[in-house]
Amino acid sequence: MKNIKGSILLLIAALFWGTTFVAQVSGSNHIGVFIYNASRSFVGCIFLLCAALIKDAANKSKKDEGIVKEKWPIEGGILCGLVLFLAMSAQQAGISIYPDNVAAAGRSGFLTAIYVVIVAVIVSIIGRKIHKLVLLSVLGTVIGMYLLCMKEGFSGIYKGDILCLICAFCFAGHILVVDKYRTTDSIKLSCIQFLVSGILSLVVSLITETIVFSDIIAAAIPILYAGILSSGVAYTLQMLGQKYAEPAVASIVMSMESVIAVIAGAVILGEILAKREILGCIIVFASVIVAQIPEFLSDKKNS
């Protein structure tokens, strides 16, 4: 029953993450890549700061029960923020340069989901043994990416696809960095990382973009949606969900954000994927699932 409760929470988180791709597409129509990321990062930081302060206040009232106030993980937050900045920049830049006739939310959502396969491969390499199913998932990912991105052979790839693939590698790196600091306070770690990402995005924006406050106001809804629901609420739901769901199950449920991104793009933005691209999406998503099977089998064996 607890596992079902955790899966439901994680599915809601995936819903917010998947629909955020639509917010990113909408936001890119009003403001530049870096000012958008700076805005959503600062909103997420403020939201998480409030959550952290509320949590500390609650723990303070329970100090007699032996609950110790956790410190702010400065080093971890800075490292996570640097990698997150690279990932978000590549993703938003990729989304912003897709042609109007391309289903940007769906394509970027699935290409970003490849980070799950990348993480599985890296972990297998570190462990000096690559599971056959991981190799199968890599092959499936390559085939799915070809169908999704290559309309006319290699000449059919978009610059946005390349940036989203770079984004996937960056998010894979982000997951590994976060794992290093998994024993720290998650809310405080995320708060610092969004602050760092926001500052870096703002600095680059001041150098490369023209900031128009009226345009920022026009993009307020996409910014608030991505900042509060994606960065704040979804991250909190992820932490709560993973207290109940097994790690392998959690990864599978959270990878549903890629499917939700395609559905949201079709429903909200009216995006249409060709049959070839839909097949590519199915193969990529199947590869994401297959990449989690070794961990799932390991969890079952150890339980």
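## The nonpolar core

A nonpolar core is a set of buried Ala, Val, Leu, Ile, Met, Phe, Trp, Tyr and Cys residues joined through side-chain atoms within 4.5 Å. Buried means under 20% relative accessible area, with a 1.4 Å probe and protein chains only. In this predicted model, the largest such core has 49 residues, and Y98, F110, L111, I114, Y115, F171 and C281 touch the most other members. Helix α7 (residues 159-180) gives the largest share of this core, seven residues; helices here are DSSP runs of H or I, at least four residues, and strands are runs of E, at least two, numbered from the N terminus.

## A buried serine

S108 sits in helix α4 (residues 104-112). S108 counts as buried because its relative accessibility is 0%. Beyond its neighbours within four places in sequence, S108 is in contact with F21, I95, Y98 and C164, where contact means heavy atoms within 4.5 Å.

## Confidence and conventions

The chain has an average pLDDT of 82, and 87% of the residues score at least 70; pLDDT is the predictor's confidence in each residue, from 0 to 100. Strand β1 (residues 151-154) has the lowest confidence, with a mean of 60, while helix α8 (residues 186-208) has the highest, at 93. Where pLDDT is low, the predicted coordinates should not be read in detail.

Residues are numbered from 1 along each chain as its sequence is written, and side-chain values use heavy atoms, leaving out hydrogens and water. Local features need pLDDT of at least 70 and side-chain atom pairs count only at pLDDT 80 or more, whereas totals for chains, interfaces and linings use all residues.

Key
Buried means under 20% relative accessible area, exposed over 50%, partly exposed in between (1.4 Å probe, protein chains only).
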